[in-house]
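Work through the exercises below with the sequence and the model side by side, and try each task before reading its solution.

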Amino acid sequence: DIGGCTDCGGELVRNQFLSNIVAIAAGGSYDNSANNNEGNNAGELYHYPQGVTTGFNLALDADGNVWAWGSDANVVPGGSHKPAKVRFDLAYNEDNTGTDFYTPFIVAIAAGRDHALALDSDGTVWAWGNNANGQLGNDDTTGTASVTPVHVVGGTAAAGNFKGENSANGYHYLDRVVAIAAGGEFSLALRSSGEVFAWGQNNINYTHHHENGVNPRTVMVAGYQLGQGSVEQGNPTTVTDDRQNRYAPIQVKGGEQGGEMLERVVAVSAGETHATALTLTEDMVSQEVYSWGSYQTGSYNCSAGWVHGCRECYKRNYMIARTATKINIPEGVTISKISAGDLHDAAMTTDGSVYSWGLNVGGALGNNGDHTVTNVNADEIPWNISDTVVRVLSGVGPAVNEGGVDYLTGVLDIDA
């Protein structure tokens with residue numbers, strides 16, 4: 001997937017076909033777990049056979065065109081390993097009664113596991129790729145994939161959703177959007193009003209093995225990617241926890257911010273099965289960070305068996321926030337950027353420091369701490385995300401010494 005180079009041997013290469021690029025994004029998933037289908041290391045979160053790659057890349061040029069390449073044929077026209085132009089000109093404008101085709105000017109792009117998003121200069125959102133969990137947001141409950149971009153709409157699948165001003169023919173788009181983010185199989189949009197809308201997957205199909213790989217089981221659990229908590233809205237459900245996917249946008253709830261819906265948001269970022277948002281305080285002076293969704297490892301010691309062992313180790317390795325949960329960044333710290341990773345998040349401050357929270361898989365939190373991700377209070381669900389907030393140490397990087405500890409400083413940008 002290196003844009004025209006089919007055998008580059010891991011070398012850094014320049015894409016042979018693109019120029020005037022102003023933004024890039026990479027999507028897809030690769031399962032490289034050593035024992036994802038057997039034994040005590042079993043427990044597959046991403047649901048791809050071991051060693052199978054489904055990757056793609058996006059590039060946005062200065063003329064508002066989007067280019068894609070890689071192995072995911074749902075996202076890349078023809079599944080090309082050379083950049084192919086994403087055909088927005090084949091997308092039908094549903095707001096017109098005729099067959100009006102047009103090409104929007106794209107200003108931002110985002111890549112999920114197997115779908116992609118684009119924001120146009122009119123403030124509307126486009127999506128293409130896999131739609132099995134509603135991640136395209138076009139109100140198609142059949143889950144039909146589309147390599148041709150479709151408009152993200154308000155739709156009927158999200159009860160109580162707003163109706164935008166684009167309402168010709170009774171159809172309406174998600175409008176006034178200023179930022180987008182693509183999670184694993186869900187999507188986010190931030191409107192100019194400071195509201196956040198989400199659509200797509202709202203659960204996790206957790207596949208685990210036990211007794212040395214015998215009798216693998218798959219269980220659907222609530223993922224809370226859409227920030228709806230336990231209150232039903234939109235698609236009907238018969239369970240207390242809202243684990244229903246949404247095929248059209250639904251507004252993220254306020255949670256610990258206090259209001260019914262999350263508001264005063266200035267930035268959003270999406271991880272594999274969770275999201276984070278940067279907001280203004282009610283007095284519009286300071287900033288706060290909120291996260292929601294699931295942080296979950298993909299490896300479990302389930303040798304004790306299904307009935308008790310697997311369920312208990314599942315609890316210990318599973319951290320959730322049903323709705324927007326405030327991240328306890330120290331007072332006096334001003335956050336300038338947030339970034340969501342697969343299992344952890346990071347925030348950069350105006351003075352160039354970095355804070356992180358989530359699961360410390362492989363030392364991802366950067367505090368030189370214990371890499372253990374086990375929740376010792378297994379009976380306390382959810383595991384409080386804010387309990388994991390740490391400040392990133394300097395290592396061999398530029399440092400500022402506070403209280404005898406060297407912390408990372410001088411940071412200009414972050415990406416988790």
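## Exercise 1: Histidine 115

Histidine 115 is buried, since its relative accessible area is 0%, where buried means under 20% relative accessible area, exposed means over 50% and partly exposed lies in between (1.4 Å probe, protein chains only). This is a predicted model, in which local features need pLDDT of at least 70 and side-chain atom pairs count only at pLDDT 80 or more, whereas totals for chains, interfaces and linings use all residues. Residues are numbered from 1 along each chain as its sequence is written, and side-chain values use heavy atoms, with hydrogens and water left out.

Task: state in which strand histidine 115 has its place, and find the side chain with which its own side chain makes a polar contact.

Solution. Begin with the strand: histidine 115 belongs to β6, residues 115-120, where strands (E, at least two residues) and helices (H or I, at least four) are DSSP runs numbered from the N terminus. Next, look for the partner, which is the side chain of serine 187, at 2.9 Å. A polar contact here is a pair of N or O atoms within 3.5 Å; within protein, one must be able to donate a hydrogen and the other to accept it, and residues adjacent in sequence count only if both atoms are side-chain atoms.

## Exercise 2: A four-stranded sheet

Task: give the order of the four strands in the open sheet, and explain why one side of β5 and of β8 is left without a neighbour.

Solution. First, the order is β5-β6-β7-β8, with antiparallel pairing; two strands pair if DSSP finds at least two bridges between them. Second, β5 (106-111) and β8 (146-151) are at the edges and have a single partner strand each, so one side of each lacks a neighbour in the sheet. Third, follow β7 (residues 125-129), which is joined to β8 by three bridges and runs antiparallel to it. On this pair, tryptophan 126 stands opposite histidine 151 in β8.

## Exercise 3: The nonpolar cores

Task: which residues of the largest nonpolar core touch the most other members, and which strands each supply at least two of its residues?

Solution. A nonpolar core is a set of buried Ala, Val, Leu, Ile, Met, Phe, Trp, Tyr and Cys residues joined through side-chain atoms within 4.5 Å. Among the 18 residues of the largest one, Leu188, Val196, Leu262, Val265, Val268 and Trp292 touch the most other members. At least two residues come from each of β10 (186-191), β11 (196-200), β15 (265-270), β16 (274-280) and β17 (287-296). A second, separate core has 17 residues, including Ala116 and Trp126.

## Exercise 4: Confidence

Task: what is the mean pLDDT of the protein, and where is caution needed over residues 156-171?

Solution. The mean pLDDT, the predictor's confidence in each residue from 0 to 100, is 76, and 66% of the residues reach 70 or more. Over residues 156-171 the pLDDT is below 50, and over residues 298-316 it is also below 50. Where pLDDT is low, the predicted coordinates should not be read in detail.

Conventions:
Contact = heavy atoms within 4.5 Å.
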